[in-house]
Amino acid sequence: ALCEISGEDVLNEALANLRATIGESGAIVTHDSLPAIMTDATQLVQVFQNLIGNAIKYRGAVVPQVHVSAARNGGNEWIFSVQDNGLGIDPQYFERIFIIFQRLHGRQEFKGTGIGLAICKKIVERLGGRIWVESQLEKGSTFYFALPERGEK
C-alpha cells in the first residue's frame with residue numbers, strides 16, 4: 001500500500017533486519033538525511049536490505065563501509081544511493097547482475113540465491129522507478145534507485 005513513509009524509518013528497519021550480518025562483519029553503515037516519500041514501506045525495506053546486505057557480502061579485505069543517501073532529481077523523483085567500498089563490479093556485468101540467477105561468483109565463494117538484485121529491480125520498477133549501478137573493480141560500487149515523488153505538493 002502506498003503511503004507517506006520516512007526514508008529514515010525504512011532504512012532503520014532494514015538495518016535492524018541486518019543486525020547480525022552487520023555485527024559479524026564489523027560493517028559501518030552511515031547515511032545522510034533521507035526524505036519522506038510516497039511509496040510502499042515494506043517493499044522499500046526489502047530493497048535497502050538487499051542492497052546493504054550485498055554491499056557487506058561482497059566486501060574486500062577492509063572493513064565494509066556503506067553509505068546511503070538521497071537526492072532530488074529535477075523535482076519529480078528521488079534518487080537513493082547505496083555506496084560501498086567492496087570488490088566492485090566489472091562494467092561488462094552491469095546489466096547482467098539484475099537478471100535472476102545470474103551470479104558473477106561461484107556458490108563456493110559467496111552464499112546466496114542470486115535473486116537479491118533481481119528482486120530489487122522488480123520492486124523498484126513496480127513502485128514506478130528504476131535501478132542501476134556504477135562501479136569499478138577494486139573500488140567499490142554505488143547502487144542507485146530512483147523513485148517518483150508521488151503525492152508531493
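## A strand pair inside the sheet

In this predicted model, Val82 stands opposite Phe143 in strand β7. Two strands are said to pair if DSSP finds at least two bridges between them. Strand β5 (residues 77-84) and strand β7 (residues 141-148) run antiparallel and are joined by 7 bridges. Within β7, Ala146 is the bridge partner of Ile79.

Residues are numbered from 1 along each chain as its sequence is written. Because the model is predicted, local features need pLDDT of at least 70 and side-chain atom pairs count only at pLDDT 80 or more, while totals for chains, interfaces and linings use all residues; side-chain values use heavy atoms, with hydrogens and water left out.

## The sheet as a whole

The open sheet has 5 strands in the order β2-β4-β5-β7-β6, and its pairing is mixed. Strands β2 (28-31) and β6 lie at the edges, each pairing on one side only. From one strand to the next, the twist averages 20°. Strands of a sheet pair through backbone hydrogen bonds, in either the parallel or the antiparallel sense.

Strand β5 is mostly covered, with 7 of its 8 residues buried. Here, buried means under 20% relative accessible area, exposed means over 50%, and partly exposed lies in between (1.4 Å probe, protein chains only). Strand β5 also pairs with strand β4 (residues 65-73), in the antiparallel sense and over 8 bridges.

Strands β4 and β5 form a hairpin with 3 residues between them. Gly74, in the turn, has a positive phi of about 60°.

## Helix α3 against the sheet

Helix α3 packs on the sheet and touches β2, β4, β5, β6 and β7, where contact means heavy atoms within 4.5 Å. The direction of α3 makes about 170° with that of β7. Such angles run from 0 to 180 degrees between N-to-C directions, and the axes are lines fitted to C-alpha atoms, for helices over the stretch in contact.

Helix α3 (residues 41-57) has 17 residues, which should span 24 Å at 1.5 Å a residue; the end C-alpha atoms are 24 Å apart, in agreement. The expected span is 1.5 Å times one less than the number of residues in the helix. Of the 17 residues of α3, 12 are buried, among them Leu44, Phe48, Leu51 and Ile52. At the start of the helix, a side-chain oxygen of Asp40 reaches to within 3.0 Å of the backbone nitrogen of Thr42.

## Salt bridges

A salt bridge is a side-chain nitrogen of Lys or Arg within 4 Å of a carboxyl oxygen of Asp or Glu. By this rule the model contains 3 salt bridges. In one of them, Glu149 and Arg72 bring their closest N and O atoms to 2.8 Å. Glu149 lies in the segment after β7 and Arg72 in strand β4, so the pair ties together parts that are 77 residues apart in sequence. Glu149 is buried, at 7% relative accessible area, whereas Arg72 is partly exposed, at 45%.

Arg130 and Glu77 form another salt bridge through their side chains, at 2.4 Å from N to O. This pair links distant parts of the chain, with Arg130 in strand β6 (residues 130-135) and Glu77 in strand β5, 53 residues apart. Arg130 counts as partly exposed at 38% relative accessibility, and Glu77 counts as buried at 13%. Lys121 also forms a salt bridge with Glu125, the closest N and O atoms being 2.9 Å apart. These two residues are 4 residues apart in helix α4 (residues 116-126), a separation of about one helical turn.

## Ser135 in strand β6

Ser135 lies in strand β6 and is buried, with a relative accessible area of 11%. Its side chain makes a polar contact with the side chain of Ser141 at 2.9 Å. A polar contact is a pair of N or O atoms within 3.5 Å; within protein, one must be able to donate a hydrogen and the other to accept it, and residues adjacent in sequence count only if both atoms are side-chain atoms. The side chain of Ser135 also reaches the backbone oxygen of Gly140 at 2.9 Å.

Leaving aside residues up to four places away in sequence, Ser135 touches Gly88, Ile89, Pro91, Phe94, Gly140 and Ser141.
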